[in-house]
Amino acid sequence: MALSLASLVAVPSLKLRQSGLAETTWNQDISWVAVTELEDPQRFLSGGELVLTTGLRLKSAADQRRFVRQVQRAGAVGIGFGIGLTHETVPEALIAEANRWGLPLVEVPYEIPFIAIGKLVAESHSADHYSNLERLLAGHQILARSLLTGGGLNELLKQLGSMLRTDVVLTQFSAQLYNSVPGKPAPTADGWASYPIPTGRRDACTLWLRQPFIDSGIVSYAQNLISVELNNMVKQRQSQRAMAGQVLDDVIHGTLETIEAARRLAGVGINSTRKNVVLVAESTAHHKQLVSISLPQSLEAGVSAVVGKDLVTVVNDDGSSAAALAKSLSDHLQEAGIHAVIGIGGAYTKPNGLRWSYFEARDAAAHGLPVNEPERLSLTSLLLASEDVPLADMASESLTPLRKFDAAHGAELVATLESYLNHNGSVAAVAEALTLHRNTVRYRLAQITELTGYDPSQTQDRVQLWLALAVQRLGSRNPR
(Lines give C-alpha, C1' and ligand atoms only; values in the text may rest on other atoms or scores of the structure.)
Protein backbone atom coordinates (compact mmCIF):
# COMPACT_ATOMS: atom_id res chain seq x y z
CA MET A 1 0.00 0.00 0.00
CA ALA A 2 1.36 3.46 -0.95
CA LEU A 3 2.63 5.49 2.00
CA SER A 4 1.58 8.96 3.09
CA LEU A 5 3.38 11.37 5.41
CA ALA A 6 1.03 10.28 8.18
CA SER A 7 2.04 6.64 7.55
CA LEU A 8 5.75 7.49 7.58
CA VAL A 9 5.52 9.42 10.86
CA ALA A 10 3.73 6.42 12.34
CA VAL A 11 6.70 4.11 11.58
CA PRO A 12 8.53 3.88 14.96
CA SER A 13 11.95 3.03 13.52
CA LEU A 14 12.11 6.25 11.50
CA LYS A 15 11.59 8.47 14.58
CA LEU A 16 10.05 11.21 12.40
CA ARG A 17 8.27 14.09 14.09
CA GLN A 18 5.81 16.56 12.68
CA SER A 19 7.00 20.16 12.62
CA GLY A 20 4.53 22.94 12.09
CA LEU A 21 0.76 22.74 11.86
CA ALA A 22 0.05 22.17 8.15
CA GLU A 23 -1.71 18.89 7.22
CA THR A 24 -3.18 19.71 3.81
CA THR A 25 -1.45 16.77 2.07
CA TRP A 26 -0.78 14.81 5.26
CA ASN A 27 -2.70 11.76 4.06
CA GLN A 28 -1.85 12.03 0.35
CA ASP A 29 0.15 9.15 -1.15
CA ILE A 30 3.83 9.89 -1.71
CA SER A 31 4.75 9.30 -5.37
CA TRP A 32 8.50 9.35 -4.75
CA VAL A 33 11.25 10.67 -2.49
CA ALA A 34 13.44 13.51 -3.83
CA VAL A 35 16.66 14.40 -2.01
CA THR A 36 17.99 17.88 -2.81
CA GLU A 37 20.27 20.60 -1.47
CA LEU A 38 19.36 23.10 -4.19
CA GLU A 39 17.97 26.46 -3.28
CA ASP A 40 15.32 26.11 -6.03
CA PRO A 41 14.49 22.46 -6.81
CA GLN A 42 11.15 23.26 -8.51
CA ARG A 43 12.17 22.36 -12.07
CA PHE A 44 13.33 18.91 -10.93
CA LEU A 45 10.02 18.01 -9.28
CA SER A 46 6.93 16.64 -11.02
CA GLY A 47 4.49 16.66 -8.09
CA GLY A 48 3.60 14.25 -5.31
CA GLU A 49 7.17 13.92 -3.95
CA LEU A 50 8.41 14.06 -0.39
CA VAL A 51 11.35 16.47 -0.60
CA LEU A 52 14.21 15.65 1.79
CA THR A 53 16.91 18.23 2.58
CA THR A 54 19.46 19.15 5.26
CA GLY A 55 19.19 22.85 4.33
CA LEU A 56 22.88 23.02 3.37
CA ARG A 57 22.32 26.14 1.26
CA LEU A 58 19.42 27.53 3.20
CA LYS A 59 21.43 29.88 5.39
CA SER A 60 19.09 32.84 5.69
CA ALA A 61 15.42 33.10 6.56
CA ALA A 62 14.73 34.48 3.08
CA ASP A 63 16.37 31.44 1.48
CA GLN A 64 14.34 29.14 3.69
CA ARG A 65 11.04 30.83 2.85
CA ARG A 66 11.85 30.83 -0.86
CA PHE A 67 12.67 27.10 -0.71
CA VAL A 68 9.26 26.32 0.84
CA ARG A 69 7.45 28.32 -1.84
CA GLN A 70 9.29 26.58 -4.69
CA VAL A 71 8.54 23.13 -3.26
CA GLN A 72 4.87 23.98 -2.68
CA ARG A 73 4.46 25.31 -6.24
CA ALA A 74 5.95 22.09 -7.63
CA GLY A 75 3.13 20.12 -5.97
CA ALA A 76 5.18 18.19 -3.43
CA VAL A 77 3.30 16.52 -0.57
CA GLY A 78 5.73 17.79 2.06
CA ILE A 79 9.26 18.48 3.26
CA GLY A 80 11.43 16.23 5.40
CA PHE A 81 14.14 18.32 7.06
CA GLY A 82 17.22 16.50 8.32
CA ILE A 83 18.66 18.01 11.50
CA GLY A 84 22.08 17.63 13.09
CA LEU A 85 24.20 18.63 10.09
CA THR A 86 23.72 22.21 8.88
CA HIS A 87 20.92 22.96 11.31
CA GLU A 88 20.45 21.55 14.80
CA THR A 89 16.69 22.16 14.62
CA VAL A 90 14.17 22.90 11.89
CA PRO A 91 14.50 26.66 11.21
CA GLU A 92 11.63 28.80 12.51
CA ALA A 93 11.34 30.66 9.17
CA LEU A 94 10.94 27.34 7.36
CA ILE A 95 8.19 26.24 9.77
CA ALA A 96 6.35 29.56 9.52
CA GLU A 97 6.43 29.58 5.69
CA ALA A 98 5.30 25.95 5.53
CA ASN A 99 2.37 26.78 7.83
CA ARG A 100 1.53 29.77 5.68
CA TRP A 101 1.33 27.71 2.48
CA GLY A 102 -0.26 24.65 4.10
CA LEU A 103 2.74 22.41 3.32
CA PRO A 104 3.38 19.59 5.86
CA LEU A 105 6.83 19.52 7.40
CA VAL A 106 8.55 16.67 9.29
CA GLU A 107 11.78 16.55 11.22
CA VAL A 108 14.23 13.77 10.29
CA PRO A 109 16.66 12.84 13.11
CA TYR A 110 20.40 12.86 12.41
CA GLU A 111 20.72 9.08 12.85
CA ILE A 112 18.07 8.29 10.17
CA PRO A 113 19.61 8.27 6.67
CA PHE A 114 17.46 9.65 3.87
CA ILE A 115 17.94 6.39 1.96
CA ALA A 116 15.98 4.54 4.65
CA ILE A 117 12.95 6.73 3.94
CA GLY A 118 13.39 6.39 0.17
CA LYS A 119 13.70 2.60 0.43
CA LEU A 120 10.53 2.31 2.49
CA VAL A 121 8.52 4.40 0.00
CA ALA A 122 9.96 2.41 -2.95
CA GLU A 123 9.09 -0.90 -1.30
CA SER A 124 5.54 0.26 -0.69
CA HIS A 125 5.18 1.17 -4.38
CA SER A 126 6.64 -2.17 -5.41
CA ALA A 127 4.21 -4.00 -3.15
CA ASP A 128 1.35 -1.97 -4.61
CA HIS A 129 2.50 -2.79 -8.13
CA TYR A 130 2.59 -6.55 -7.49
CA SER A 131 -0.72 -6.41 -5.67
CA ASN A 132 -2.34 -4.56 -8.57
CA LEU A 133 -0.80 -7.01 -11.03
CA GLU A 134 -2.16 -9.95 -9.09
CA ARG A 135 -5.62 -8.36 -8.99
CA LEU A 136 -5.43 -7.63 -12.71
CA LEU A 137 -4.47 -11.22 -13.59
CA ALA A 138 -7.24 -12.51 -11.33
CA GLY A 139 -9.67 -10.17 -13.11
CA HIS A 140 -8.49 -11.45 -16.48
CA GLN A 141 -9.18 -15.01 -15.39
CA ILE A 142 -12.65 -14.15 -14.09
CA LEU A 143 -13.66 -12.39 -17.33
CA ALA A 144 -12.23 -15.12 -19.56
CA ARG A 145 -13.90 -17.84 -17.46
CA SER A 146 -17.27 -16.09 -17.77
CA LEU A 147 -17.09 -16.63 -21.55
CA LEU A 148 -15.48 -20.08 -21.55
CA THR A 149 -18.04 -21.52 -19.13
CA GLY A 150 -20.97 -20.45 -21.30
CA GLY A 151 -21.98 -17.30 -19.46
CA GLY A 152 -21.62 -15.28 -22.63
CA LEU A 153 -21.51 -11.54 -23.08
CA ASN A 154 -24.01 -10.78 -20.30
CA GLU A 155 -22.00 -12.64 -17.67
CA LEU A 156 -18.76 -10.99 -18.79
CA LEU A 157 -20.25 -7.51 -18.49
CA LYS A 158 -21.85 -8.37 -15.17
CA GLN A 159 -18.44 -9.39 -13.81
CA LEU A 160 -16.83 -6.25 -15.26
CA GLY A 161 -19.36 -4.02 -13.51
CA SER A 162 -18.74 -5.86 -10.25
CA MET A 163 -14.97 -5.37 -10.52
CA LEU A 164 -15.23 -1.66 -11.31
CA ARG A 165 -18.17 -1.16 -8.94
CA THR A 166 -20.09 0.80 -11.52
CA ASP A 167 -22.91 0.49 -14.05
CA VAL A 168 -22.17 -1.02 -17.45
CA VAL A 169 -24.00 -0.60 -20.78
CA LEU A 170 -23.10 -2.11 -24.16
CA THR A 171 -24.77 -0.50 -27.17
CA GLN A 172 -24.85 -1.54 -30.81
CA PHE A 173 -26.18 1.23 -33.04
CA SER A 174 -29.68 1.93 -31.68
CA ALA A 175 -29.83 -1.32 -29.69
CA GLN A 176 -28.71 -2.09 -26.14
CA LEU A 177 -27.03 -5.47 -25.88
CA TYR A 178 -26.62 -5.11 -22.12
CA ASN A 179 -27.65 -2.59 -19.48
CA SER A 180 -27.11 -3.02 -15.74
CA VAL A 181 -29.15 0.08 -14.84
CA PRO A 182 -32.77 -0.50 -13.72
CA GLY A 183 -35.14 0.73 -16.41
CA LYS A 184 -32.36 0.47 -19.01
CA PRO A 185 -31.92 4.21 -19.69
CA ALA A 186 -29.64 5.17 -22.56
CA PRO A 187 -26.15 6.32 -21.47
CA THR A 188 -25.01 9.84 -22.33
CA ALA A 189 -21.65 11.54 -22.76
CA ASP A 190 -22.31 13.38 -19.50
CA GLY A 191 -21.37 11.12 -16.61
CA TRP A 192 -20.36 8.10 -18.70
CA ALA A 193 -17.04 7.04 -20.21
CA SER A 194 -17.28 5.40 -23.64
CA TYR A 195 -14.95 2.79 -25.14
CA PRO A 196 -15.24 1.62 -28.79
CA ILE A 197 -15.30 -2.11 -29.43
CA PRO A 198 -13.74 -2.67 -32.89
CA THR A 199 -14.70 -5.83 -34.77
CA GLY A 200 -13.78 -4.96 -38.35
CA ARG A 201 -17.47 -5.29 -39.24
CA ARG A 202 -20.54 -3.07 -39.40
CA ASP A 203 -21.72 -4.21 -35.98
CA ALA A 204 -19.13 -2.30 -33.93
CA CYS A 205 -20.30 -1.57 -30.39
CA THR A 206 -19.63 0.94 -27.64
CA LEU A 207 -18.92 0.02 -24.03
CA TRP A 208 -20.23 2.60 -21.55
CA LEU A 209 -19.08 2.83 -17.92
CA ARG A 210 -20.69 5.19 -15.43
CA GLN A 211 -18.19 7.53 -13.81
CA PRO A 212 -16.51 7.59 -11.38
CA PHE A 213 -14.66 4.27 -11.42
CA ILE A 214 -11.05 3.17 -11.09
CA ASP A 215 -9.56 1.31 -14.05
CA SER A 216 -6.51 -0.76 -13.21
CA GLY A 217 -6.16 -1.96 -16.81
CA ILE A 218 -9.08 -4.39 -16.80
CA VAL A 219 -11.17 -2.31 -19.23
CA SER A 220 -8.78 -2.75 -22.17
CA TYR A 221 -8.76 -6.50 -21.60
CA ALA A 222 -12.56 -6.50 -21.44
CA GLN A 223 -12.66 -4.60 -24.76
CA ASN A 224 -10.63 -7.36 -26.41
CA LEU A 225 -12.84 -10.12 -24.98
CA ILE A 226 -16.01 -8.33 -26.05
CA SER A 227 -14.60 -7.90 -29.56
CA VAL A 228 -13.85 -11.63 -29.79
CA GLU A 229 -17.31 -12.54 -28.52
CA LEU A 230 -19.01 -10.16 -30.97
CA ASN A 231 -17.17 -11.79 -33.86
CA ASN A 232 -18.32 -15.18 -32.61
CA MET A 233 -21.88 -13.86 -32.45
CA VAL A 234 -21.61 -12.67 -36.07
CA LYS A 235 -20.54 -16.14 -37.22
CA GLN A 236 -23.38 -17.70 -35.25
CA ARG A 237 -25.89 -15.31 -36.85
CA GLN A 238 -24.62 -16.14 -40.32
CA SER A 239 -24.91 -19.87 -39.69
CA GLN A 240 -28.36 -19.63 -38.10
CA ARG A 241 -29.69 -17.37 -40.87
CA ALA A 242 -28.37 -19.69 -43.56
CA MET A 243 -30.11 -22.66 -41.92
CA ALA A 244 -33.37 -20.78 -41.38
CA GLY A 245 -33.15 -19.43 -44.93
CA GLN A 246 -33.08 -22.95 -46.40
CA VAL A 247 -36.23 -23.87 -44.49
CA LEU A 248 -38.05 -20.64 -45.39
CA ASP A 249 -37.05 -20.96 -49.03
CA ASP A 250 -38.65 -24.42 -49.22
CA VAL A 251 -41.77 -23.23 -47.38
CA ILE A 252 -42.12 -20.09 -49.51
CA HIS A 253 -41.83 -21.99 -52.77
CA GLY A 254 -44.30 -24.69 -51.68
CA THR A 255 -41.95 -27.68 -51.94
CA LEU A 256 -42.97 -29.18 -48.57
CA GLU A 257 -46.11 -30.85 -47.30
CA THR A 258 -47.90 -28.89 -44.58
CA ILE A 259 -46.94 -31.25 -41.74
CA GLU A 260 -43.30 -31.39 -42.84
CA ALA A 261 -43.20 -27.60 -43.31
CA ALA A 262 -44.55 -27.04 -39.78
CA ARG A 263 -42.01 -29.48 -38.35
CA ARG A 264 -39.05 -27.83 -40.09
CA LEU A 265 -40.24 -24.34 -39.15
CA ALA A 266 -40.42 -25.41 -35.51
CA GLY A 267 -36.84 -26.68 -35.85
CA VAL A 268 -35.61 -23.14 -36.56
CA GLY A 269 -37.78 -21.54 -33.86
CA ILE A 270 -40.95 -20.59 -35.80
CA ASN A 271 -44.25 -21.72 -34.30
CA SER A 272 -46.58 -21.85 -37.30
CA THR A 273 -49.67 -22.58 -35.15
CA ARG A 274 -49.55 -18.95 -33.99
CA LYS A 275 -49.89 -15.79 -36.05
CA ASN A 276 -46.63 -14.64 -37.60
CA VAL A 277 -45.65 -11.52 -39.52
CA VAL A 278 -42.88 -11.51 -42.11
CA LEU A 279 -40.62 -8.48 -42.56
CA VAL A 280 -38.48 -8.36 -45.70
CA ALA A 281 -35.44 -6.03 -45.85
CA GLU A 282 -34.10 -5.38 -49.35
CA SER A 283 -30.87 -3.53 -50.10
CA THR A 284 -29.34 -3.48 -53.56
CA ALA A 285 -26.18 -1.69 -52.42
CA HIS A 286 -25.64 -3.44 -49.08
CA HIS A 287 -27.21 -6.88 -49.44
CA LYS A 288 -23.95 -8.58 -48.36
CA GLN A 289 -24.03 -6.79 -45.01
CA LEU A 290 -27.60 -8.00 -44.34
CA VAL A 291 -26.27 -11.54 -43.90
CA SER A 292 -24.58 -10.78 -40.59
CA ILE A 293 -26.02 -7.47 -39.35
CA SER A 294 -27.50 -7.46 -35.86
CA LEU A 295 -31.18 -6.81 -35.18
CA PRO A 296 -32.69 -4.21 -32.85
CA GLN A 297 -33.69 -5.38 -29.41
CA SER A 298 -37.39 -5.33 -30.31
CA LEU A 299 -36.79 -8.11 -32.87
CA GLU A 300 -34.57 -10.34 -30.75
CA ALA A 301 -37.44 -12.76 -30.13
CA GLY A 302 -37.98 -13.18 -33.88
CA VAL A 303 -36.28 -15.57 -36.28
CA SER A 304 -34.12 -14.00 -38.98
CA ALA A 305 -33.01 -15.66 -42.19
CA VAL A 306 -31.43 -14.85 -45.51
CA VAL A 307 -33.64 -15.68 -48.49
CA GLY A 308 -31.98 -14.86 -51.80
CA LYS A 309 -30.33 -11.51 -51.12
CA ASP A 310 -32.92 -10.32 -48.61
CA LEU A 311 -32.99 -10.36 -44.82
CA VAL A 312 -36.26 -11.97 -43.73
CA THR A 313 -37.46 -11.71 -40.14
CA VAL A 314 -40.40 -13.75 -38.85
CA VAL A 315 -42.05 -12.28 -35.75
CA ASN A 316 -44.82 -13.77 -33.64
CA ASP A 317 -47.34 -10.91 -33.83
CA ASP A 318 -51.01 -10.34 -34.57
CA GLY A 319 -50.16 -7.43 -36.86
CA SER A 320 -50.72 -4.67 -34.32
CA SER A 321 -46.99 -4.12 -33.70
CA ALA A 322 -45.73 -4.89 -37.19
CA ALA A 323 -45.32 -1.26 -38.31
CA ALA A 324 -43.40 -0.30 -35.16
CA LEU A 325 -41.15 -3.35 -35.49
CA ALA A 326 -40.44 -2.55 -39.12
CA LYS A 327 -39.63 1.06 -38.20
CA SER A 328 -37.17 -0.07 -35.52
CA LEU A 329 -35.49 -2.38 -38.07
CA SER A 330 -35.30 0.43 -40.63
CA ASP A 331 -33.77 2.84 -38.09
CA HIS A 332 -31.29 0.20 -36.95
CA LEU A 333 -30.10 -0.52 -40.50
CA GLN A 334 -29.83 3.18 -41.32
CA GLU A 335 -27.69 3.77 -38.25
CA ALA A 336 -25.44 0.96 -39.46
CA GLY A 337 -25.07 2.71 -42.81
CA ILE A 338 -27.25 0.19 -44.66
CA HIS A 339 -29.82 1.73 -46.99
CA ALA A 340 -32.71 -0.71 -47.20
CA VAL A 341 -36.46 -0.80 -47.80
CA ILE A 342 -38.64 -2.79 -45.42
CA GLY A 343 -41.75 -4.61 -46.57
CA ILE A 344 -44.37 -5.77 -44.06
CA GLY A 345 -46.51 -8.87 -44.53
CA GLY A 346 -49.83 -9.71 -42.93
CA ALA A 347 -50.32 -11.79 -39.77
CA TYR A 348 -51.28 -15.40 -40.51
CA THR A 349 -51.05 -18.88 -39.03
CA LYS A 350 -49.76 -22.11 -40.66
CA PRO A 351 -46.97 -22.54 -43.24
CA ASN A 352 -49.16 -21.35 -46.11
CA GLY A 353 -49.93 -18.21 -44.14
CA LEU A 354 -46.20 -17.66 -43.79
CA ARG A 355 -45.83 -17.90 -47.57
CA TRP A 356 -48.67 -15.43 -48.03
CA SER A 357 -47.10 -13.00 -45.55
CA TYR A 358 -43.73 -13.28 -47.29
CA PHE A 359 -45.12 -12.40 -50.70
CA GLU A 360 -47.18 -9.58 -49.24
CA ALA A 361 -44.01 -8.19 -47.65
CA ARG A 362 -42.08 -8.54 -50.89
CA ASP A 363 -44.85 -6.83 -52.82
CA ALA A 364 -44.97 -4.03 -50.24
CA ALA A 365 -41.18 -3.51 -50.48
CA ALA A 366 -41.63 -2.77 -54.19
CA HIS A 367 -43.12 0.60 -53.21
CA GLY A 368 -39.60 1.73 -52.32
CA LEU A 369 -40.32 3.62 -49.08
CA PRO A 370 -38.15 3.04 -45.98
CA VAL A 371 -41.11 1.18 -44.39
CA ASN A 372 -43.96 -0.20 -46.51
CA GLU A 373 -47.32 -1.43 -45.20
CA PRO A 374 -48.88 -4.54 -46.76
CA GLU A 375 -51.59 -4.30 -49.39
CA ARG A 376 -53.85 -6.82 -51.09
CA LEU A 377 -51.66 -9.58 -52.50
CA SER A 378 -51.42 -9.50 -56.28
CA LEU A 379 -52.22 -12.43 -58.56
CA THR A 380 -48.66 -12.34 -59.83
CA SER A 381 -47.20 -12.83 -56.36
CA LEU A 382 -49.56 -15.69 -55.61
CA LEU A 383 -48.58 -17.46 -58.82
CA LEU A 384 -44.90 -16.85 -58.07
CA ALA A 385 -45.40 -18.63 -54.75
CA SER A 386 -45.86 -21.90 -56.59
CA GLU A 387 -42.95 -23.80 -58.08
CA ASP A 388 -45.38 -25.59 -60.40
CA VAL A 389 -46.15 -22.52 -62.51
CA PRO A 390 -43.26 -21.71 -64.93
CA LEU A 391 -43.99 -17.99 -64.94
CA ALA A 392 -40.36 -16.91 -65.25
CA ASP A 393 -39.91 -19.01 -68.38
CA MET A 394 -43.16 -17.70 -69.83
CA ALA A 395 -42.16 -14.11 -69.13
CA SER A 396 -38.76 -14.60 -70.72
CA GLU A 397 -40.24 -16.27 -73.80
CA SER A 398 -42.73 -13.42 -74.27
CA LEU A 399 -40.48 -10.43 -73.65
CA THR A 400 -37.03 -11.51 -74.86
CA PRO A 401 -37.88 -10.85 -78.55
CA LEU A 402 -38.97 -7.31 -77.66
CA ARG A 403 -35.87 -6.59 -75.57
CA LYS A 404 -33.56 -7.88 -78.31
CA PHE A 405 -35.35 -5.78 -80.94
CA ASP A 406 -35.12 -2.70 -78.70
CA ALA A 407 -31.41 -3.30 -78.11
CA ALA A 408 -30.75 -3.64 -81.85
CA HIS A 409 -32.96 -0.82 -83.14
CA GLY A 410 -33.69 1.47 -80.18
CA ALA A 411 -37.39 0.93 -80.85
CA GLU A 412 -38.65 1.22 -77.22
CA LEU A 413 -41.23 -1.50 -77.75
CA VAL A 414 -41.15 -2.63 -74.10
CA ALA A 415 -41.71 0.95 -72.87
CA THR A 416 -44.58 1.34 -75.33
CA LEU A 417 -46.14 -1.93 -74.16
CA GLU A 418 -45.88 -0.93 -70.48
CA SER A 419 -47.46 2.45 -71.20
CA TYR A 420 -50.24 0.82 -73.27
CA LEU A 421 -51.08 -1.58 -70.43
CA ASN A 422 -50.87 1.15 -67.78
CA HIS A 423 -53.27 3.35 -69.81
CA ASN A 424 -55.82 0.56 -70.20
CA GLY A 425 -55.27 0.15 -73.95
CA SER A 426 -55.77 3.83 -74.88
CA VAL A 427 -53.67 4.66 -77.96
CA ALA A 428 -54.33 8.38 -77.46
CA ALA A 429 -53.14 8.29 -73.84
CA VAL A 430 -49.97 6.41 -74.81
CA ALA A 431 -49.22 8.88 -77.61
CA GLU A 432 -49.59 11.79 -75.22
CA ALA A 433 -47.53 10.14 -72.45
CA LEU A 434 -44.66 9.17 -74.78
CA THR A 435 -44.96 12.27 -77.03
CA LEU A 436 -45.62 10.13 -80.12
CA HIS A 437 -48.01 10.25 -83.04
CA ARG A 438 -50.93 7.85 -82.66
CA ASN A 439 -49.95 6.04 -85.86
CA THR A 440 -46.47 5.46 -84.39
CA VAL A 441 -48.08 3.87 -81.33
CA ARG A 442 -50.24 1.65 -83.56
CA TYR A 443 -47.20 0.68 -85.62
CA ARG A 444 -45.27 -0.32 -82.50
CA LEU A 445 -48.22 -2.37 -81.19
CA ALA A 446 -48.27 -4.22 -84.53
CA GLN A 447 -44.54 -4.92 -84.14
CA ILE A 448 -45.17 -6.27 -80.62
CA THR A 449 -47.85 -8.61 -81.98
CA GLU A 450 -45.55 -9.80 -84.75
CA LEU A 451 -42.56 -10.42 -82.46
CA THR A 452 -44.37 -12.05 -79.50
CA GLY A 453 -47.42 -13.63 -81.05
CA TYR A 454 -49.60 -11.80 -78.53
CA ASP A 455 -51.97 -9.02 -79.61
CA PRO A 456 -52.15 -6.31 -76.88
CA SER A 457 -55.57 -5.25 -78.13
CA GLN A 458 -57.02 -8.65 -77.22
CA THR A 459 -57.95 -9.13 -73.53
CA GLN A 460 -56.54 -12.63 -73.22
CA ASP A 461 -53.22 -11.66 -74.85
CA ARG A 462 -53.09 -8.38 -72.93
CA VAL A 463 -53.31 -10.28 -69.59
CA GLN A 464 -50.51 -12.57 -70.75
CA LEU A 465 -48.22 -9.66 -71.59
CA TRP A 466 -49.08 -7.77 -68.38
CA LEU A 467 -48.33 -10.89 -66.32
CA ALA A 468 -44.99 -11.36 -68.11
CA LEU A 469 -43.93 -7.80 -67.32
CA ALA A 470 -45.01 -8.14 -63.67
CA VAL A 471 -43.17 -11.44 -63.24
CA GLN A 472 -39.93 -10.08 -64.67
CA ARG A 473 -40.20 -6.97 -62.53
CA LEU A 474 -40.67 -8.98 -59.32
CA GLY A 475 -38.13 -11.60 -60.37
CA SER A 476 -35.40 -9.02 -60.97
CA ARG A 477 -35.80 -7.75 -57.40
CA ASN A 478 -35.96 -11.18 -55.80
CA PRO A 479 -34.08 -13.79 -57.85
CA ARG A 480 -34.59 -17.30 -56.58
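Biologist: At what angle does helix H5 run to E7?

Modeller: In this predicted model, helix H5 covers residues 152-164. H5 lies across strand E6 (168-172), E7 and E9. Its direction relative to E7 is about 55°.

Biologist: Which strands does helix H6 lie across?

Modeller: Helix H6 spans residues 218-252 and runs at about 45° to E8. The strands that H6 lies across are E6, E7, E8 and E9.

Biologist: Which strands stand at the edges of the open sheet of 4 strands?

Modeller: The strand order is E7-E6-E9-E8, with antiparallel pairing. Neighbouring strands are turned by 20° against each other on average, direction ignored. An edge strand here has a single partner strand, so one side of it is left without a neighbour in the sheet. That applies to strand E7 (175-179) and strand E8 (192-197).

Biologist: Over how many bridges do E8 and strand E9 pair, and which residue in E9 does Ser194 stand opposite?

Modeller: Strand E9 covers residues 205-210 and pairs with E8 in the antiparallel sense. The pairing extends over 6 bridges. Opposite Ser194 stands Trp208.

Biologist: Which are the edge strands of the open sheet of 5 strands?

Modeller: This sheet has the order E1-E5-E4-E3-E2 and mixed pairing. Each edge strand pairs on one side only. The two are strand E1 (17-19) and strand E2 (32-35). From one strand to the next, the twist averages 30°, and the edge strands remain E1 and E2.

Biologist: In E3, what is the bridge partner of Ala34?

Modeller: E2 and strand E3 (residues 49-53) run parallel and are joined by 4 bridges. The partner of Ala34 in E3 is Val51.

Biologist: Is His87 buried or exposed?

Modeller: His87 lies in the loop between strand E4 (78-82) and helix H3 (92-101). Its relative accessible area is 13%. Buried means under 20%, so His87 is buried.

Biologist: Which backbone oxygens does the side chain of His87 reach?

Modeller: Leaving aside neighbours within four places in sequence, His87 is in contact with Thr54, Gly55, Leu58, Gln64, Phe81 and Gly82. The side chain of His87 reaches a backbone oxygen at 3.1 Å in one case and at 3.3 Å in another. The 3.1 Å case is the oxygen of Gly55, and the 3.3 Å case is that of Leu58.

Biologist: How far apart in space are Arg66 and Glu39, C-alpha to C-alpha?

Modeller: Arg66 lies in helix H2 (residues 61-73) and counts as partly exposed at 34% relative accessibility. Arg66 and Glu39 are 27 residues apart in sequence. In space, their C-alpha to C-alpha separation is 7.9 Å.

Biologist: How is H13 oriented to H14?

Modeller: The axes of helix H13 (residues 427-434) and helix H14 (residues 438-452) come within 9 Å and cross at roughly 110°. Val427, Ala428, Val430 and Ala431 of H13 make the contact with Arg438, Val441, Arg442 and Leu445 of H14. These divide into 6 nonpolar, no polar and 2 charged residues. Angles of 65 to 115 degrees count as roughly perpendicular, so H13 is roughly perpendicular to H14.

Biologist: What is the class make-up of the contact of H12 with H14?

Modeller: The axes of helix H12 (residues 413-422) and H14 come within 10 Å and cross at roughly 105°, and the two helices are therefore roughly perpendicular to each other. Leu413, Thr416, Leu417 and Tyr420 in H12 meet Arg444, Leu445, Gln447, Ile448 and Leu451 in H14. By class, the residues are 6 nonpolar, 2 polar and 1 charged.

How values were computed
Residues are numbered from 1 along each chain as its sequence is written. This is a predicted model: local features need pLDDT of at least 70, side-chain atom pairs count only at pLDDT 80 or more; totals for chains, interfaces and linings use all residues. Side-chain values use heavy atoms; hydrogens and water are left out. Axes are lines fitted to C-alpha atoms, for helices over the stretch in contact, and angles run from 0 to 180 degrees between N-to-C directions. Angles under 35 degrees count as roughly parallel, over 145 as roughly antiparallel, 65 to 115 as roughly perpendicular and the rest as oblique. Contact means heavy atoms within 4.5 Å. Ala, Val, Leu, Ile, Met, Phe, Trp, Tyr, Cys and Pro count as nonpolar, Asp, Glu, Lys and Arg as charged, and the others, Gly among them, as polar. Two strands pair if DSSP finds at least two bridges between them. Buried means under 20% relative accessible area, exposed over 50%, partly exposed in between (1.4 Å probe, protein chains only). A polar contact is a pair of N or O atoms within 3.5 Å; within protein, one must be able to donate a hydrogen and the other to accept it, and residues adjacent in sequence count only if both atoms are side-chain atoms.
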